[in-house]
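User: I would like to work through a protein structure step by step. Can you take my questions one at a time?

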Amino acid sequence: MRKPFFRSLILSGFIMAPLAFAVTPNHNLDELPRLSAESQHETASKRIASYFTRYHYSRVEMDEAMGEQIFDRFFEQLDYNRMFFLQEDIDKFREHAENFHVMLQEGDLSLPYEIYQLSLERRYERYAHALSLLGEEFDFEVEGERYYYDRAEEDWAADSSELEAVWQQRLKNDALNLAMAGRDQDEIQENLERRYQSAIQRLTNSKSEDAFQTVMNAFARSVEAHTSYLSPRNAERFQQNMNLQLEGIGAVLQAEYDYTVIRSLVPGGPADQTGELAPDDRIIAVAQGDKEFVDIIGWRLDDVVDLITGPKGSTVRLQVLKESEGSGGTPETVEIVRDKVRIEDREAKASVKILEESEYSDRPVGVIEIPGFYNNLSADVRKLLKELEEKDIEGIVVDLRGNGGGSLSESIFLTGLFIESGPVVQVRDSSGRIDVNRDEDGVSYYEGPLTVLVDRFSASASEIFAAAIQDYNRGIVVGEQTFGKGTVQQHRNLQRRFDFYSNPLGSIQYTIAKFYRIDGGSTQHRGVVPDILFPSPIEPDDFGESRADNALPWDQIDSVEFDRLGWLPEENLQALTELHKARIENNPEFAYIHEDIERFRARRDRNYVSLVQSERDAESEADRERRLARINERLAREGKEPVEAAEDADEAYRDPDPYLQETIRITLDFINQRGQDS
C-alpha cells in the first residue's frame, strides 16, 4: 500500500541561520523566451494525427477520451513527479482537456504552447527557490528524516509553500548524494549552485521545437507504448545509429521526464562490457575522463547524447541511479572507454562447459551465447554448431539472456537450424492480414538435445525463437518470463517533396503489426513463459511490456498447422522440474539469490530514501560486507584461502553464473531421461 506523502516535512535538516549567502539566479524570469509554434509545426501536427489514425496498428479513435488522455500525459511529461505545477495551474486549463485531440488534428498549438510556457515559469521559480536555500550547512543526522521521491500519484500542490517544503527535502537529498560521493560542504554548495544555475540557463535556451516534441510525444505515448515523435535532430541521430556510424558507449538512451534512461544496451558494446549498467538505469551526470561531472538532470536528450558520444579510445564516466534503487538511491560511478559500435561485431560465441560436480563431471555441454539477432547470425551459429559437435558435446544451451532482438528474418533462420522445415512466426498487420513466416530449407543442422535460456531482458526476435522451440517441443526453455515485446514498428519521415519550410519536420515511429506464435498466442505483453522458471527479483509487472502505459494487449489468433516434436513429454518435464527444485533448495548460490530477491523487493516497494547519512552509509557497507562474505564462502567451499577485498578474488568467485550452471544441470538431466526412455 502506498504510504501517504509526508506533508509536514522536517525543516531541521538545515542549520537555519539567516540566508546571508543565499545565491541569486544568473538570469531573471523575464529572460525566459516567449515560445510559439513555428510554421512547420502546424503541418507536422496534422500529419502525425493522420498517420496515427489511419496507419497505426490500433487504428486510433480520436475522441474526447483520447483528448483527456493526451492532456493528462502532457502535464505528466512536463512534471512527472508533481514538483513544479500547482493545482490551480491544472484547473486553469482543464476545461480544454476533452478538445485537446481536436487541436492537434487541426494543427492549433496555441494552448499546448501556453501550457509549456507556464511550465518554464514554474521551473524557474523552483530552481530560484533552491538557489535561495544554499549557503547554509546541511545536517545529515536528523533522526527519522526521509525524502519521499515518488510523488507521481500525489495530489498537485495546493500552493507554493507546499512545493517549497518538498524542494527543501529534494535539495537535501541532492546534497547527501554528493556527500556520499566524497564531497565536503563547500564542494556540495558549489556543485548544487552549478546544477540549478545550469537548469535556469537551459530554460532560457528553450526552443519552439522543445515544446512541440513534448506535446507530440504526449500524443504518441497516449496512442501506444512504442509510438514516438523524433525531432529533426533526433531523427538524424536515429539514422546515424541505423547506419552504425556512431562512436560511443553502445547504449540506446531515452528521455523520460527529467531523466536520461538507458533503454537498452548493445550486447558486447562498451557499456555492456562493464557489467555495471542495465536497462532502466538513469544517468544523472557525465564526466569526460578525470574532469568534473556535469549534472544532466532535465537536459535535452540530444544534448546528453552529444556529451556521452566521443572519439574511440576516450573515457567517459557516468553517475547512474540504479533502477532497483528507485529515484532516491545513491548514485554509482561507471567508467566506460568509448569504441565504435557496430552490430556486425556482436558475434555469437560458443564455449564448452564441464561441471566439476561428480554427478555431471566429464560430460561436456556446448553453450552458444547470442547477444543480438544481427545479419548473418544463423550462418555464424551453423558454424558454431559444427565446431561443438566435433568436440563431442552431449547437448547445447542457447543463451539469449539480455538479447533485445534484432532481425526478424534471422530469428526464422535460427529456428530453422533446429527443425527441418515449417512455420516459425505469424505477423498480423492493422488490416487483419496474416503472413506466416516459414523455414523452407528442409534441413536440420543440429538434432541433439537443446535448451534455451532466457531472462526478462530477452525480447522481440529472442521471443520468436524461444516460442517456436517451445511450440515445436524441440527442446526446453528455462529462465525468467521474457519481456513481452511482440510488435513491429515503422519509421517514417514527415517531410514531403514539395515542403519549403525553413526548418525540417522530424519523423515518427509507430506500430504497424503484431507477432503471433505458431500456436496462435501473441508474444506481446505476455512474452514467453519458460518450461522451468528460475527464481528472479524481477516480476513481470516490475519490468517489461506489461509495465508500459498503453501497451497493446495479449490476444490470440488461429494456430497454423505444424508437426509437434516429441522431445519433452509432460511427465519428463514434471520430473525435470522436481529435480531442479530439489537441487536449488540446497544450493548456496540460489540461497543468495533468494536473499537478494527479498532485499530487492523491500527496497523497490518503498517510495522514500533516508536522509540520515549514517543509515545510508551503513546500508552501503552492509552490501560490501555481504559481497565479500559470499566470495569467501565460495573460496572456503573449494578449500581456498579467504581474501580481504572483493577485488582480490578471481572473477569466477566474484561473479559466478548460477543460472547457467543450473541450466547445464537441467540439460544433462534431460539427456539422462531421454537415455532411459530409449
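User: How many cavities of 30 Å³ or more does the structure hold?

Analyst: Keep in mind that this is a predicted model. A cavity is a space where a 1.4 Å probe fits but cannot get out. With a cut-off of 30 Å³ or more, the count for this structure is 1.

User: How much space lies in the largest cavity?

Analyst: The lining of this cavity is made up of 10 residues. Tyr127, Arg170, Arg195, Arg202 and Ile297 lie nearest the centre. The space inside is about 70 Å³.

User: Between which domains does the largest cavity lie?

Analyst: Look at where the lining residues come from. Two domains both give residues to the lining, so the cavity lies between them. They are domain 1 (29–223) and domain 2 (245–342).

User: Is Arg73 buried or exposed?

Analyst: Arg73 meets Glu76 in a salt bridge, at 3.8 Å from N to O. Both residues lie in helix α2, 3 residues apart, about one turn of the helix. Glu76 is partly exposed at 28% relative accessibility. Arg73 has a relative accessible area of 11%, and buried means under 20%, so Arg73 is buried.

User: Why are Arg122 and Glu125 separated by about one helical turn?

Analyst: Their side chains meet in a salt bridge of 3.1 Å, N to O. Both sit in helix α5 (residues 110–132). They are about one helical turn apart because their spacing in that helix is 3 residues.

User: How many residues apart in sequence are the parts tied together by Glu145 and Lys172?

Analyst: The side chains of Glu145 and Lys172 meet in a salt bridge of 2.5 Å, N to O. Glu145 lies in the loop between α5 and β1, whereas Lys172 lies in helix α6, so the pair ties together separate parts of the sequence. Glu145 and Lys172 are both buried. The parts are apart in sequence by 27 residues.

User: Which residues does Gln673 touch, not counting residues up to four places away in sequence?

Analyst: Gln673 is found in helix α19 (residues 658–677). Its relative accessible area is 8%, so Gln673 counts as buried. Leaving out residues up to four places away in sequence, Gln673 touches Asn572, Ala575 and Leu576.

Notes
Residues are numbered from 1 along each chain as its sequence is written. This is a predicted model: local features need pLDDT of at least 70, side-chain atom pairs count only at pLDDT 80 or more; totals for chains, interfaces and linings use all residues. Side-chain values use heavy atoms; hydrogens and water are left out. Helices (H or I, at least four residues) and strands (E, at least two) are DSSP runs, numbered from the N terminus. Buried means under 20% relative accessible area, exposed over 50%, partly exposed in between (1.4 Å probe, protein chains only). Contact means heavy atoms within 4.5 Å. On a 1 Å grid over the protein atoms alone, a cavity is a set of points where a 1.4 Å probe fits but cannot get out, and a pocket is an open set with protein on both sides within 12 Å along at least five of seven lines; lining residues have an atom within 4 Å of a point. Grid points are joined across faces, edges and corners, and a volume is the space filled by probe spheres set on the points. Domain bounds come from an automatic or database domain assignment. A salt bridge is a side-chain nitrogen of Lys or Arg within 4 Å of a carboxyl oxygen of Asp or Glu.
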